Amino acid sequence: MTQHQGNTLSWEIRDGALELALHHPPANEIGLAMLTELEMFIRALAVAESRCGAVIIHSRQPSGFSAGADLRELYVKALPLTPARRTAGVREFLERIHAVLNALDASPLTTIAAVHGVVFGGGFELALACDLIVADKMARFCFPELRLGLVPGFGGIPRLKRDVGNAIVRDLLLTGRSINAAKALGTGLVSQVASEGEALRLARAAAAQIAKFDRTTSAAAKRFLKPIPREELRQEIDVFCDLFVRPTVMEGLRKFFESTDAHPYLP
Amino acid sequence: MKTLEQTTEEILALAALHFKVPREQLSPADDFYRTLKIDSLQALELLTRLEHHFGIELPDYEVQGVADFRTLATRIQARL
C-alpha cells in the first residue's frame, strides 16, 4: 500500500515523503468515491509511518486543490429519501469523513497541504487538518456553506478556530467570502506563499527539512502543539445535521444542482 | 490616486494579458465572461489577479452580478 493509483486520488512515497495527489475532475469534489479512497489512504498512512517523515497532499487538477463536498451527488442521493433518512445518510458520511480527517490530524507524521486555485468548503477543511499549508499565490480559501443554509461539516470551524483568531473565522463563515493566499498568510492560516505553480516544490523542500528531525521528537511536538478539538468536532456534526433537515437546504441544493449561474462556486 | 479611466485601462490590460485576448478587442462595457470566454473559476482567478495588481481585497459579494469591466473598475476604485 505504499503506492496506489486510484480513480479520484493516488499516492506514492517519494524522497521519504508520502505524497497524496487528488485528481478527481472537475475540481476534486469530495463525494463517496473520494471518501472511500481517502479511507484507503488513511490505512496506507498508518503502514507508511515507519518509512516516511512527512505527508504532502496536493492536487493535479488545474482548477485547484478542491471545491469541497460533491453537492450534486449529495442532492441526487438525498432527493428520493425522507428527511429522516437524508439526515441519517448525511450523518453517516460526516462520521466517515471526520474519521479520515481526525486520523490525518493525529498522524505522527508532519502533514503538509500544498494548495492552489480553489480551496473551498470541504477542500479547505482537508487542508486545515494538515499541520502546514503551503499556498500558491493564486489560491483562494472560502467557506461558502451558509449560501446553502448550512455550516461547514468536515471539521472546518473547530480547526479554523484552533489556527486563527475568532474574528477572521466569523468573517469567513458569516460573509462566505473568499480570501487570497496573501490574506491567508497574514492571518496565520498558511505558512508559506509560493509563486504560481511552485507550491508542491516548496512543500517538498519543507518535507525534506522535516525528514532530518527525529521522528519521535516531531510527533511529541505535534501532539503538544496541535490538540484535536474532538468535542467541538462532534458538536459540529450535530449542528450540521440539525440544519440539514430543514427544507431550505434541499431548496438550496436544488438551485445549485440546476443552476446555470456563472458563479456556482461563489457565495 | 488613479482615475476611474486609469483603473479601467489597467483591468483591461491585465485581462488581455492573462486570458490571451488582444487588448484592442476589449472595451469597458464588455461582458467579461463573454469577451474573455471564462467560467466561474476563471473569474475567481481574475479576481485574485486584480487583488494582487491593485494591492486590495475585493470580497466576492461586491462583484457578484457584475459582468462588465467598467462596473468592476468602480468596485476596485472604491478600495484604492
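Chain B has five helices and zero strands. This is a predicted model. Chain A, in contrast, has eleven helices and eleven strands.

**Chain B overall**

- Read from the N terminus, the elements of chain B run α-α-α-α-α.
- The radius of gyration of chain B is 11 Å. A compact globule with 80 residues would have a value near 12 Å, so the two agree.
- Along the principal axes, the C-alpha atoms of chain B fill a box of roughly 30 × 25 × 20 Å.
- Of the 80 residues in chain B, 29% count as buried.
- Take the contacts in chain B with a separation of 6 or more: 54% of them come from residues 24 or more positions apart.

**Chain A overall**

- Chain A holds eleven helices and eleven strands. Its radius of gyration is 18 Å, close to the 18 Å that the globule rule gives for 267 residues, so chain A is as compact as a globular protein of that length.
- The C-alpha atoms of chain A fill a box of roughly 55 × 35 × 35 Å, again taken along the principal axes.
- In chain A, 45% of the 267 residues count as buried.
- Residues 24 or more positions apart supply 78% of the chain A contacts with a separation of 6 or more.

**A helix pair in chain A**

- Helix α3 of chain A covers residues 83-106, and helix α10 of chain A covers residues 230-244.
- Their axes come within 10 Å and cross at roughly 155 degrees. Angles over 145 degrees count as roughly antiparallel, so α3(A) and α10(A) are roughly antiparallel to each other.
- The crossing of α3(A) and α10(A) is right-handed.
- Which residues of α10(A) meet α3(A)? They are Leu233(A), Ile237(A), Phe240(A), Cys241(A) and Phe244(A).
- On the α3(A) side, the contact is made by Arg86(A), Thr87(A), Val90(A), Arg91(A), Leu94(A), Glu95(A) and His98(A).
- The residues of this contact divide into seven nonpolar, two polar and three charged.

**Glu95 of chain A**

- Glu95(A) is found in helix α3 of chain A, and it is one of the residues that meet α10(A).
- Is Glu95(A) buried or exposed? Glu95(A) has 11 other C-beta atoms within 10 Å. A residue with 12 or fewer is exposed, so Glu95(A) is exposed.
- Glu95(A) and Lys222(A) are 127 residues apart along the chain, and 24 Å separates their C-alpha atoms.

**The loop between β3 and α1 of chain A**

- This loop lies between β3 (17-22) and α1 (32-48) of chain A, and Pro26(A) is in it.
- A cis peptide bond joins Pro25(A) and Pro26(A), with omega about 5 degrees.
- Asn28(A) also has its place in the loop between β3 and α1.
- Phi of Asn28(A) is near 55 degrees, a positive value in a residue other than glycine.
- Asn28(A) has 27 other C-beta atoms within 10 Å. The cut-off for buried is 20 or more, so Asn28(A) is buried.

**The loop between α2 and α3 of chain B**

- Lys37(B) sits in the loop between α2 (32-36) and α3 (40-54) of chain B.
- Lys37(B) is not a glycine, although its phi is positive, at about 55 degrees.
- Lys37(B) counts as exposed because it has 10 C-beta neighbours inside 10 Å.

Key: Residues numbered from 1 in each chain as written. Chains lettered and ligands numbered in written order. Predicted model: local features only at pLDDT ≥ 70, side-chain atom pairs only at ≥ 80, totals over all residues. Helix = DSSP H or I, 4+ residues; strand = E, 2+ residues; numbered from the N terminus. Rg over C-alpha atoms; globule rule 2.2 N^0.38 Å. Contact = placed C-beta atoms within 7 Å. Axes fitted to C-alpha atoms, helices over the stretch in contact; angles between N-to-C directions. Parallel < 35°, antiparallel > 145°, perpendicular 65-115°, else oblique. Left-handed = near helix turned anticlockwise from the far one by under 90°. Nonpolar A, V, L, I, M, F, W, Y, C, P; charged D, E, K, R; others polar.
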